Amino acid sequence: MLLLSGCSSQQDQTQSQAGQEPALRAEQEAFLSHVDTTYSYDLARKLENIRSNEALGYRTAGSDAEFQTGELLKAEMEAIGLSDVTKDAFTLDTWTFETAQLTYPTAAGEQTTVELGGYQTNFSTGGPQTYTVIDGGRGTEADLEGLDVTGKLVLVDINQRDDWWINYPAYEAHLRGAAAVLAAQNGGYSEVSDDALNAQDVCGPADAAAFSISRTDAEAIRAAMDAAGTNELTVTLQAESRVGLDGTAYNIVGTIPGKDPDSMVLMSAHYDSYFTGFQDDNAAIALMMGIAKGLLDSGYQPEKTLVFCAMAAEEWGVTNTRYDWSTGAYNQIFRVHPEWVGKVVADINFELPAMSEGETDQIRTSYELKTFVEDFRSDVPAVDGVFPEGIEVIVPTQTWSDDFSLSIAGVPSCVTALRGGFSQTHYHTQFDNHETYSPEAFLFHHNMYGLLMIAYDQCAVSPLDFTTRLEALRSSIDSSVLTADQVSALTEALDRADEAAQAAWKRVSTVNQEYAEALHKGDTEKADQILAESRALNQAVLEAFRSAEDNFVRLTWEDVSIFPHENGQTNLAALDGAIAALESGDPSVALDEYLYLVDNNWYAYDWSRETFNYFTDYVLNQPADRLMWGAGRVQGHVDLFDVIRSLQAKAEGDDLSSELAALRSAREQVAADLQEQIGAEVDSIDALTQSLTQLAEL
């Protein structure tokens, strides 16, 4: 077990590499000895008692249950000794889901009453009401064609991981007058059990109502329909789901004041949840509180102010936008406390932290934190029975959690990574409960992230290495798609930037090593001197990071973080493939292998033009304050709806001249846009080079 500071000296690192274990520092020893996972676990379980839906849970954006939970956390922060505990109010759209109970007759004629899961839509029955359920297949335009769904509940199968999000079948049915969609997961999510319900952000308008139904009940309803020889069934539904505009929620903040009030280390997690949400995110809130308590109980005296923020409205908080989650974090850093940018040297965010999945633990970081966190890994004590292969650091931050909003604001961030298996099985279901608890993983993460907070605290300068982002940008260049001149322009700019980034990292790491050495020796006078002399360097490093996030972070139409040239690069390759297929007379290859890769044209295959347009326009034509963290990140749109529909009606040997002309025209525009994007990207790389060169000299 090696326990070094993340900003440890080169001498200490050399000793550890030689197999000599240095003595555990007193503050690390003290923190580890005061970690109390029983406290944290009990707090996680306590949060389950506050709920909007008595049967299922739910603690949703702006609801009374979320408010009461915030009050509990505020009192808990005060009780464990955090200072300056505040409630930071912000405006959002609210959702309260009280109940959805469906009663249906089985094939045997017995009446069965079951619970439905909810989405952020309006649906109030005012008591039990009779409805007709109609089988809508997958809910696509073709599936609903010829069905009378007016005023009915449309039963659909959905795989939100492989096919489409809930907003598409919900809106398609809404356009045809349906009362609501009953969505049964068919792979992708909720695979833990046929009895599992599911909840996700709805990404659509509140009047296109939707509920989640288990596979067990969906199959029972279809069996009853088969027994009756029809595709409809009379049922009773009692539901209360309300969306409100311009409500209020609160982020709860407490601190451990440090010697330097102008620098902060942030730790965050969200306290809204679907169902009882043990892993997502009760255990995460409890982990944050457990670390805060361990630091306080150990008597740790921080250099910087340590800030602990319980975020509201992570799961959802703005109606009728694609970017309807991470509302609390976005508001906290962009609207409530924008002055934190430039003060916070790093954020540690938590999601799903009390489960053991796989042999390796994962932490996802901003590009620039990767080197530091990889070096820090040796600080973390092993815990028997969990993560025997250690810790993997992956980059970059992605949109799926609050750290993305913090990163794009200019706060370098990391998060407990979302692993694959759990997200496909238990995630956002009633099976995300305490039975998923791994005490070993919880202890490991208390130790790991408490020590990481101490390591950040003992850095004079935010430990950012820009070579990682530059390396990733270089790897994203596809020379088989871009022109030789484009590749050359990007590569030459990256060569210049990389040299500057290496010099900047050497400067930052040297200052941090000297600062850590002074702290470890108890030489406060020298430490204070280093800190004072490095303030300008710290500000320059954080400003370079913020600019890099502004200039290099873009999003695909599936919300994946990419570099600016990548969208056009992908579109161009796909269009070239489709054009070649049509030139050879094969429309099926164009459809099956290429056209669905262009922007959001995957949805043109199965949804009406009105649905396709609706969910395209609300990304391109909404005001930035509604799009929040997604504003300006998507780079235009290539509309191939008509081409795709035309090709779907054609076969090999048909005349494809009009479709070829449309694709060639689209390719010409994409190529022109890509050339412009690459020019801007080169300018941004050069600007970063200049910034890094200057800060290396500070």
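The model is predicted.

**Helix H8**

Helix H8 spans residues 278-298. Of its 21 residues, 19 are buried, so the helix is largely enclosed by the rest of the structure. Gly299 follows H8, with a positive phi near 80°.

**H4 against H8**

Helix H4 covers residues 64-80. H4 packs on H8 at an angle of about 20°, and the two axes lie 10 Å apart. Angles under 35 degrees count as roughly parallel; H4 and H8 are therefore roughly parallel to each other. The crossing of H4 past H8 is right-handed. H4 contributes Leu73, Glu76, Met77 and Ile80 to the contact. From H8 come Ile285, Met288, Met289, Ala292, Lys293 and Leu296. By class, eight contact residues are nonpolar, two are charged and none is polar. In an α-helix, residues three or four places apart point the same way, because there are 3.6 residues a turn.

**Strand S5 and its partners**

Strand S5 holds residues 129-135. S5 pairs with S9 in the antiparallel sense, and with S6 in the parallel sense. The table sets out both pairings.

| Pair | Partner residues | Sense | Bridges | Example of facing residues |
|---|---|---|---|---|
| S5 and S9 | S9, residues 232-256 | antiparallel | six bridges | Thr130 and Thr236 |
| S5 and S6 | S6, residues 153-158 | parallel | three bridges | Asp135 and Leu155 |

Thr130 stands opposite Thr236 of S9. Asp135 has Leu155 of S6 as its bridge partner.

Key. Residues are numbered from 1 along each chain as its sequence is written. This is a predicted model: local features need pLDDT of at least 70, side-chain atom pairs count only at pLDDT 80 or more; totals for chains, interfaces and linings use all residues. Side-chain values use heavy atoms; hydrogens and water are left out. Buried means under 20% relative accessible area, exposed over 50%, partly exposed in between (1.4 Å probe, protein chains only). Helices (H or I, at least four residues) and strands (E, at least two) are DSSP runs, numbered from the N terminus. Two strands pair if DSSP finds at least two bridges between them. Axes are lines fitted to C-alpha atoms, for helices over the stretch in contact, and angles run from 0 to 180 degrees between N-to-C directions. Angles under 35 degrees count as roughly parallel, over 145 as roughly antiparallel, 65 to 115 as roughly perpendicular and the rest as oblique. A crossing is left-handed if the near helix is turned anticlockwise from the far one by less than a right angle, and right-handed if clockwise. Contact means heavy atoms within 4.5 Å. Ala, Val, Leu, Ile, Met, Phe, Trp, Tyr, Cys and Pro count as nonpolar, Asp, Glu, Lys and Arg as charged, and the others, Gly among them, as polar.
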